[in-house]
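Hi,

Have a look first, then read on for what turned up in it.

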Amino acid sequence: MKLQFENWINNSNLSSSVKEILDDAIICYKAGVNRAALLLSYIAFMTILRERILLSLKPNLFPQGEWKKLQKNVVKDNSWESSVFDATQQFEKINPSTRVREKDPVFCIDESIRKQISYWKDRRNDCAHFKTNHIDFFHVDAFWAFLQSN
């Protein structure tokens, strides 16, 4: 039986590499290997954002040098995931005296989404480093709902 999430993947415009990672996550989920399913799902999410950084134009009020550096960092095997995460946590910068926007964020998302991404990063760490927090199927379901919603 196909999961609703599998149908969402098939109907989404995701790259073949992201679909492959999510297919592996689904295999783990169906086998009850929830830590691996959540970890792979998080990596797929970060890969989606990585691809967007690499394929998108620089935000209007974003320094060209910083944009090139970010794009360079997201292709490095050792730093890409943390660089993508850091990009999700950036806010627009507003000059306090003039109240004029000076820098755009990489992703135009609200604070609530930034907090949720941070929460899921912590759950990713629980999975990758086998921390004491219990990870169950409902964590995977909740993360998949987050992916579909955002």
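**Helix pairs and a pocket**

Let's start with helix H5 (residues 80-88) and H6, which pack at an angle of about 155° with their axes 9 Å apart. Axes here are lines fitted to C-alpha atoms, for helices over the stretch in contact, and angles run from 0 to 180 degrees between N-to-C directions. H5 and H6 are therefore roughly antiparallel to each other; angles under 35 degrees count as roughly parallel, over 145 as roughly antiparallel, 65 to 115 as roughly perpendicular and the rest as oblique. On the H5 side Glu81, Phe85 and Thr88 touch Arg114, Ile117, Ser118, Lys121 and Arg124 of H6, where contact means heavy atoms within 4.5 Å. Sorted by class, the H5 with H6 contact has 2 nonpolar, 2 polar and 4 charged residues. (Ala, Val, Leu, Ile, Met, Phe, Trp, Tyr, Cys and Pro count as nonpolar, Asp, Glu, Lys and Arg as charged, and the others, Gly among them, as polar.)

A quick word on the source: this is a predicted model, so to speak of local features we need pLDDT of at least 70, side-chain atom pairs count only at pLDDT 80 or more, and totals for chains, interfaces and linings use all residues. Residues are numbered from 1 along each chain as its sequence is written, and side-chain values use heavy atoms, with hydrogens and water left out.

Now zoom out. The C-alpha atoms fill a box of roughly 55 × 30 × 30 Å along the principal axes.

H6 also packs against H3, at an angle of about 135° and with the axes 9 Å apart. That makes H3 oblique to H6. From H3, the residues in this contact are Arg35, Leu38, Leu39, Tyr42, Phe45 and Met46, and H6 brings a set including Ile117, Trp120 and Lys121. The classes here are 9 nonpolar, no polar and 5 charged.

What about H2 (residues 16-30) and helix H7 (residues 137-149)? They pack at about 150°, with axes 11 Å apart. That makes H2 roughly antiparallel to H7. Ala25, Ile26 and Tyr29 of H2 meet Phe137, Val140, Asp141 and Trp144 of H7, which gives 6 nonpolar, no polar and 1 charged residues.

Last, the largest pocket holds about 410 Å³ of space. On a 1 Å grid over the protein atoms alone, a pocket is an open set of points where a 1.4 Å probe fits, with protein on both sides within 12 Å along at least five of seven lines, and lining residues have an atom within 4 Å of a point. Grid points are joined across faces, edges and corners, and the volume is the space filled by probe spheres set on the points. Of its 21 lining residues, Phe45, Ile48, Leu49, Arg52 and Asn150 are the closest to the centre. H3 gives the most to the lining, with 6 residues.

Cheers

Key: Helices (H or I, at least four residues) and strands (E, at least two) are DSSP runs, numbered from the N terminus.
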